[in-house]
Amino acid sequence: MLARIYRPAKNAMQSGKAKTKDWVLEFEPASARRSDPLMGWTLTNDMNGQIRLSFETSDEAVAYAQAHGIAFQITEPKTPKRIIKAYADNFAYGRKQPWTH
């Protein structure tokens, strides 16, 4: 039973960063999901896949996993590359491509 500890990325559908500050502990799936022949729903026998714990810091998540004897893997978040732009740069004299309509 392996757990993943990570900080979730921001939602691609929104510009805000809600729910990205906490660290999450989730369990890896123990078995593959399969399809129900009658309804077409996905089935699994793994109940640990429903557990999702949130922690304020990665140290708290690691301490919880170690206290309960859970093997874990930490995934560090990637820092976004910030591109600083200004509207005035569209009309700059030293622009690489000329500004035209």
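This is a short tour of the structure above, one selection at a time.

Before you click, know that this is a predicted model, where local features need pLDDT of at least 70, side-chain atom pairs count only at pLDDT 80 or more, and totals for chains, interfaces and linings use all residues. Residues are numbered from 1 along each chain as its sequence is written, and side-chain values use heavy atoms, with hydrogens and water left out.

**Whole chain, cartoon view.** Follow the chain from the N terminus and the order reads β-β-β-β-β-α-β. The radius of gyration is 22 Å, well over the 13 Å that the globule rule gives for 101 residues, so the chain is more spread out than a compact globule. That radius is taken over C-alpha atoms, and the rule is 2.2 Å times the number of residues to the power 0.38. Along its principal axes, the C-alpha trace spans about 65 × 45 × 20 Å.

**Colour by burial.** Of the 101 residues, 18% count as buried. Buried means under 20% relative accessible area, exposed over 50%, and partly exposed in between (1.4 Å probe, protein chains only).

**Select Arg4 and Glu26.** Now show side chains. These two meet in a salt bridge, at 3.0 Å from N to O. The term means a side-chain nitrogen of Lys or Arg within 4 Å of a carboxyl oxygen of Asp or Glu. Arg4 sits in strand β1 (residues 2-6) and Glu26 in strand β2 (residues 23-27), 22 residues apart. Which of them is buried? Glu26 is, with a relative accessible area of 14%, while Arg4 is partly exposed at 31%.

Glu28 counts as partly exposed, at 29% relative accessibility.

The side chain of Arg52 meets Glu26 in a salt bridge of 2.8 Å, N to O. Arg52 is in strand β5 (residues 52-55) and Glu26 in strand β2, 26 residues apart. At 48% relative accessibility, Arg52 is partly exposed.

**Keep all of these selected.** Arg4, Glu26, Glu28 and Arg52 are linked in a network of salt bridges. How many salt bridges does a search of the whole structure find? It finds 3.

Definitions and conventions: Helices (H or I, at least four residues) and strands (E, at least two) are DSSP runs, numbered from the N terminus.
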